[in-house]
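Hi,

Here is the structure I promised to pass on. Have a look at it first, and my notes follow below.

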Amino acid sequence: VNKLFNKEKDLKIAYAVVEIFRNSDRIDVYNKKALYLYIREIADCQTQHITKVINKLMEPQRKIREEYYNTGKITGIDA
């Protein structure tokens, strides 16, 4: 996360998204609107900014997923 974002506001949003993944077993609602509201509460930001940060997080996640599907393991995370 720190490699992708320099701004404090972006980092707050990224960490909120990571926190959602960490606590996914305890979150009851998985619809997009509810998750955005949850992130907005944690990071105190606007929805448009959340979308920008999430889009930037998707590229490394896609690479990790492809590596796992192709090799069955994750060797390293490069942003």
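R62 and E59 pair up through their side chains in a salt bridge, 2.6 Å from N to O (a salt bridge here is a side-chain nitrogen of Lys or Arg within 4 Å of a carboxyl oxygen of Asp or Glu). Both residues belong to helix 3, three residues apart, or about one turn of the helix. R62 also bridges to E66, with the closest N and O atoms 2.4 Å apart; these two sit four residues apart in helix 3, again about one turn. Through shared partners, the salt bridges tie E59, R62 and E66 into one network.

Before you read on: this is a predicted model, where local features need pLDDT of at least 70 and side-chain atom pairs count only at pLDDT 80 or more, while totals for chains, interfaces and linings use all residues. Residues are numbered from 1 along each chain as its sequence is written, and side-chain values use heavy atoms, with hydrogens and water left out.

How exposed are the network residues? On relative accessible area, R62 is partly exposed at 29%, E59 is partly exposed at 35% and E66 is partly exposed at 38%. (Buried means under 20%, exposed over 50%, partly exposed in between, with a 1.4 Å probe and protein chains only.)

The search of the whole structure gives four salt bridges. One of them joins the side chains of E19 and R22, at 4.0 Å from N to O. That pair lies in helix 1 (residues 8-22), three residues apart. E19 is partly exposed at 30%, whereas R22 is exposed at 59%.

Leaving out residues up to four places away in sequence, H49 touches K9, D10 and I13 (contact means heavy atoms within 4.5 Å).

As for the overall picture, the chain has three helices and zero strands (DSSP runs, H or I of at least four residues for helices and E of at least two for strands, numbered from the N terminus). Buried residues make up 27% of its 79 residues.

Cheers
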